[in-house]
Amino acid sequence: MKRHTILLVEDNPVDEELTIMAFEKNNITNTVVVARDGAEALDYLFGTGTYEGRDVVGDKPQLVLLDLKLPKIDGLDVLRRMRENELTRYIPVVVLTSSKEQEDLVEAYQMGTNAYVRKPVDFNEFSEAVHQLGLFWLILNECPNVYVKQPI
Amino acid sequence: MNKQLHVLIIENSAYDTALALQALERAGYDVRSERIGTEAQMMAALREKAWDVILCDYKMPFFPTRQALDILKASGLEIPFIVLSRHAEEEAAVECMKAGASDFISTGNLGRLVPVIERELKEEEERNARTRVEKALLEGIEREKMALEMINRICSEADLGSILKQITENVGRFSQADRCLIWLRDPDTGQLRLQPQEFRSCEAVMSIDDAISPNRPIGMLALNSTEVVNLPDVLQLETLTEEDRQMIQERGVKSLLQVPIFYKDQLLGTLRLNSVFEKRVWNAEIVRLVQYMAAQAAVAIYQAKTLQDLKDSEARKAGVTESSLDAIITMDHTGKICEWNASAERILGYRREEAIGQDMATLIIPERYREAHRQGLAHCLATGEGAILDRLLELPTLRSDGTEFMAELSITRLPIAGQSMFTGTLRDITQRKQEQERIEQIVEERTAQLQMLNKELEAFSYSVSHDLRAPLRGIDGFSQALLEGYSDRLDERGKHYLDRIRQGSQQMGRLIDDMLQLSRLTRGDMTLEAVDLSMLARNIARDLQEQEPERCVTFIIAEDVSVKGDKRLLQAVLQNLFDNAWKYTSRHPAACIEFGVTEQDGQTVCFVRDDGAGFDMAYSGKLFGAFQRLHGVSEFPGTGVGLATVARIIHRHGGRVWAQAGVEKGAVFYFTLGASSGEMLPGEAPSGATGSPPLKKDAETETNNKIEVKTR
C-alpha cells in the first residue's frame with residue numbers, strides 16, 4: 001500500500017521538528033512535506049510557483065496539518081481556498097495550532113476543517129495527540145476519490 | 001327745697017302783682033323778681049338777665065302789652081309771657097294770645113296762675129330740650145358730612161401717600177388739632193414708622209412724635225396700643241419720666257389723642273392728634289368720629305397697600321420675564337401673540353411691537369410644521385389635552401431673517417378669564433447641539449480608539465497564547481527527546497535537571513492558559529439572565545467527585561439560589577471557588593464544602609465555605625491579586641489566577657467579594673452581585689434545610705477579618 005503524503009503547514013521550525021519527532025515516535029512513516037507559509041502550501045497543493053508542474057492530481061496529500069498563524073497567507077485563507085477548489089475540497093485538514101480562541105475554532109470549522117487540535121506544551125501529550133491523529137486520519141478514515149481534470 | 005323763679009314784672013303799681021307773687025311763693029317758689037315799666041327797661045332786663053317768666057299788667061297807660069310782646073319776640077328769647085288783668089275781658093284776652101302771650105289771667109282768678117306758670121315752665125323746658133337736640137343733631141350731621149367728605153377725598157386717591165395726606169389734613173382740621181400724624185406698621189417687622197404725610201395748623205408746631213422711636217416709647221404712649229388714648233393734659237400722665245416731661249414741655253405739647261387704625265383684626269397703625277397751643281378736651285363724639293374716620297382710612301390704607309403690593313409683584317414678575325435669558329412668548333387661544341419679552345426680541349429678531357398681535361405660527365414656526373401646530377392647537381382647545389404641553393421639546397424655529405435654528409421650548413397652558421392662553425419658554429440650543437455633536441464625535445472617536453486598543457489587546461493575547469507556547473513546547477519536547485534518546489549518556493542528575501526543565505515549561509504553559517482565561521473573562525459582552533447557582537454548584541461538585549472518587553467530601557448545597565448574571569462568568573466563579581475548596585481540603589481525610597446564601601447588613605450574600613487548610617488573614621490582602629498565592633506549589637498546586645478571576649467577574653457584575661479564614665480552620669468566600677445585574681431573584685431566601693448560614697465562630701473576629709476587594 002502506497003504511503004500518501006502528509007502536508008505539514010508550519011512556520012515554526014521547533015514545532016516542525018517536534019511534529020516530525022512525534023510522527024517518528026509513533027511509527028508514522030508517510031512522506032511529510034513541510035510548507036513554511038500559506039503561499040507555499042497553496043503552491044504545493046495546486047502545482048504553482050516552486051511546485052510548478054507537480055502531479056497535483058496523482059499525488060494528493062492524504063492529510064493536511066495546518067497551523068493558523070502563518071506568514072504571507074494565513075491558515076484560514078489556505079483552508080478557504082482548499083475548500084473552494086474541487087481538487088482539494090475533500091482532503092482532510094486538521095488545524096494544529098496553539099490557539100484555543102473560540103473565534104479561531106468557529107472560523108476554522110466554518111471554513112470546513114475536519115478537526116481542530118490544540119498543541120499541548122507537554123511533549124508527551126503532544127505525541128499522544130499526533131498518534132491519535134495518524135491512527136484516525138491515515139488509517140481509519142476513508143475519503144471519496146474525486147478527480148477533477150481541470151483544477152481551479 | 002324751693003325752686004328759684006326769676007320773674008320779670010311789667011306794671012305800674014306793685015299792688016296788682018303782689019298777690020300774684022304771693023301766690024307763687026305760697027306754691028313753694030323762691031321768687032326773685034324785678035319790676036319795670038318802660039320799653040327801655042324791658043329791653044335792658046332781657047339783655048342783662050335770664051328770666052323764667054314775664055308777668056305783664058294788661059292796662060299799662062304808656063306801655064301797652066302788645067308792645068311788650070313785640071319786644072320779647074324781637075329779642076328771640078322764649079320766655080313765658082303771662083298777661084294779668086283786673087277784668088276778664090274776653091276780647092283783650094284773644095288779642096293778647098294772638099300777639100304771642102302764653103296766657104291771660106284775670107286777677108280775680110289768680111288761683112290759675114301757679115298751674116299756668118308750671119305748665120309754661122314745663123313747656124319751656126321741653127322746648128329747650130328739643131332745641132338742644134336739634135342743634136346737636138345738626139352739628140352731628142355737619143360732622144358726619146365732613147367725615148364723609150373726607151372719606152370721599154381719601155377714596156379718590158389711589159396711592160398711599162396721597163391717602164395719608166388726606167387723612168391727616170381732614171382729621172386734623174376736623175378735630176381742630178395742631179398736628180395730626182400717622183404711624184404705620186411694617187407688616188414684616190411689626191414696627192411702626194412715622195409717615196411724612198402730616199397736618200400742622202402752622203409751621204411752628206412741634207410734636208412728641210418727632211422724638212419717639214421704637215427705642216424710646218414715651219411713657220404709656222405705646223404707639224401700638226389697640227385702645228383709644230385720650231389725654232387732655234399730657235403732663236398728668238404718671239408714667240412719664242422726668243426726661244419725657246422735659247421733652248414734652250420743650251415741645252409745648254398739651255393734649256393728645258391717639259386712635260388705633262384697624263382693618264378687620266389687623267392693626268395697621270395709629271392716628272395721633274396733638275394740641276400745642278391750648279389744652280383740648282376731645283369729647284366722646286369727636287373721638288367717635290375720629291375713630292370712624294380712622295376705620296374708613298384703614299380700608300383705604302389697606303387697599304392702597306394691597307394695590308402697591310400687587311403692583312410691586314407685577315413689576316417683579318415683569319422684571320423676571322424681561323430679564324429672562326429665555327424668550328418668553330404668550331399667545332391667546334386664537335394663536336395671536338400677546339407677550340414678547342426682551343429675549344424673544346434678541347433670539348427671534350422681531351421687536352415687541354412687531355410681534356404683538358401677530359399670528360404666532362406664521363411668525364416663528366417653519367412652514368412645514370404650521371399645519372401640525374394649528375391642528376394641535378385646535379385639538380388642545382377642543383379637548384383640553386395637549387401632547388406637547390408641559391414638557392421639553394426641541395423644534396426648529398424661524399428667525400425674522402428667515403433662517404432656522406434649533407430651539408428647546410416648553411409650553412404651559414394658562415386658563416385666563418375663561419380662555420386658554422399659552423406661554424412658551426424658548427431657548428436657542430444651536431450651540432448646545434453643536435457641543436453635543438462635538439461630544440458625540442469625541443465619544444465616537446474615543447470608542448473607536450478604545451475598540452482599536454481592544455483589538456490590539458486581543459491580538460496581543462492571541463500572540464501570547466500562540467507564540468509563547470511554541471517555544472515552551474520546544475523546551476519540553478526536546479527535553480523529552482533528550483530523556484528518551486540519550487538516557488544512556490545522562491546520569492541521574494542530568495535526567496533530573498531535564499525533568500526540572502520540563503516541569504518549568506509545563507508550569508509556564510498553565511500560567512499562560514490561566515492568564516488567557518482571565519483576560520477572556522474580563523473582555524466580551526455580558527449576557528444577563530437568571531442563573532441557577534444551585535444547579536451550577538451541584539454539577540461542579542459532581543464533576544469534582546468523579547475526578548477523585550476516592551476522596552471523602554460532603555457537599556452541602558442550598559436549593560434554589562438564583563441570581564441575575566452572566567451564566568458563563570458565574571460558572572467560572574463557582575468553578576474557581578469549588579476548585580479551591582476541593583484543593584485546600586485535599587489534605588484532610590474528610591471534608592465538607594458548602595454553598596449557600598446568608599444575610600449581611602440587609603444584603604443577600606452567597607458563600608462557598610470549606611473546612612480545609614484555610615489561610616492566615618494577615619496575608620489576605622494578596623488573596624485576589626493575579627498570580628498571588630498564599631501556599632507553595634509543592635503544598636498546593638496552582639497558578640494564583642483563580643481568585644483574581646473570581647474578583648474580576650464579581651466586579652463586572654457590580655458586586656463585592658471577600659473572604660474569612662484561619663489557618664487550618666477553613667475558609668469562607670462571600671460574594672454579592674451588584675444591584676444592576678446581580679439582584680437575587682425572588683424565592684431564593686436562605687433555606688434553612690439545605691443551606692445553613694455560615695457558622696459565626698466569633699462575631700468580632702468576623703468583622704475584623706472581613707476582606708473587601710476594592711473595585712479596580
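User: From the N terminus on, how do the elements of chain A run?

Analyst: They run β-α-β-α-β-α-β-α-β-α. That makes up five helices and five strands in chain A, where helices (H or I, at least four residues) and strands (E, at least two) are DSSP runs, numbered from the N terminus. Before going on: this is a predicted model, in which local features need pLDDT of at least 70 and side-chain atom pairs count only at pLDDT 80 or more, while totals for chains, interfaces and linings use all residues. Residues are numbered from 1 along each chain as its sequence is written, chains are lettered from A and ligands numbered from 1 in the order in which they are written, and side-chain values use heavy atoms, with hydrogens and water left out.

User: What share of chain A is buried?

Analyst: Of its 152 residues, 53% are buried, meaning under 20% relative accessible area, with exposed over 50% and partly exposed in between (1.4 Å probe, protein chains only). The accessible surface of chain A is about 7400 Å², and carbon and sulfur atoms hold 52% of that. Those areas come from the Shrake-Rupley method with a 1.4 Å probe; for residues, only the protein chains shown count as cover.

User: And what share of the chain A contacts join residues at least 24 apart?

Analyst: 65%, among contacts between residues at least 6 apart in sequence. Contact means heavy atoms within 4.5 Å.

User: Now chain B. How many helices and strands?

Analyst: Chain B has 18 helices and 23 strands. Its length is 712 residues, 43% of them buried. Of the chain B contacts with a separation of 6 or more, 63% are between residues 24 or more positions apart.

User: At what angle do H15 and H16 of chain B cross?

Analyst: Roughly 45 degrees, for helix H15 (residues 533-547) and helix H16 (residues 567-584) of chain B, whose axes come within 10 Å. Axes are lines fitted to C-alpha atoms, for helices over the stretch in contact, and angles run from 0 to 180 degrees between N-to-C directions. The angle makes H15(B) oblique to H16(B); under 35 degrees counts as roughly parallel, over 145 as roughly antiparallel, 65 to 115 as roughly perpendicular and the rest as oblique.

User: Which hand is the H15(B) and H16(B) crossing?

Analyst: Right-handed. A crossing is left-handed if the near helix is turned anticlockwise from the far one by less than a right angle, and right-handed if clockwise.

User: Which residues of H15(B) and H16(B) meet?

Analyst: H15(B) brings residues including B:Leu533, B:Leu536 and B:Ile540, and H16(B) residues including B:Leu570, B:Leu574 and B:Trp582. By class, this contact of H15(B) with H16(B) has 10 nonpolar, three polar and two charged residues. Ala, Val, Leu, Ile, Met, Phe, Trp, Tyr, Cys and Pro count as nonpolar, Asp, Glu, Lys and Arg as charged, and the others, Gly among them, as polar.

User: How are H2(B) and H3(B) set against each other?

Analyst: They are roughly parallel. Helix H2 (residues 39-48) of chain B packs on H3(B) at about 30 degrees, with the axes 10 Å apart. The crossing of H2(B) and H3(B) is right-handed.

User: And H3(B) with H4(B), what is the angle there?

Analyst: Roughly 15 degrees, between helix H3 (residues 65-75) and helix H4 (residues 90-99) of chain B, with axes within 10 Å. The contact joins B:Thr65, B:Arg66 and B:Leu69 of H3(B) to B:Glu95, B:Cys96 and B:Ala99 of H4(B).

User: Different spot. Why is H17 of chain B largely enclosed by the rest of the structure?

Analyst: Because nine of the 11 residues of helix H17 (residues 642-652) are buried. Among them are B:Leu643, B:Val646, B:Ile650 and B:His651. Just after H17(B), B:Gly654 has a positive phi of about 80 degrees.

User: Which residue has a positive phi near 55 degrees without being glycine?

Analyst: B:Asp560, in the loop between strand S18 (552-557) and strand S19 (562-566) of chain B. B:Glu664, also not glycine, has a positive phi near 60 degrees and is in the loop between strand S22 (657-661) and strand S23 (667-671) of chain B.

User: Last one: where is B:Ile388?

Analyst: In the loop between helix H12 (367-383) and strand S14 (393-398) of chain B. B:Ile388 is partly exposed, at 40% relative accessibility. Apart from neighbours within four places in sequence, B:Ile388 contacts B:Leu393 and B:Ile411.
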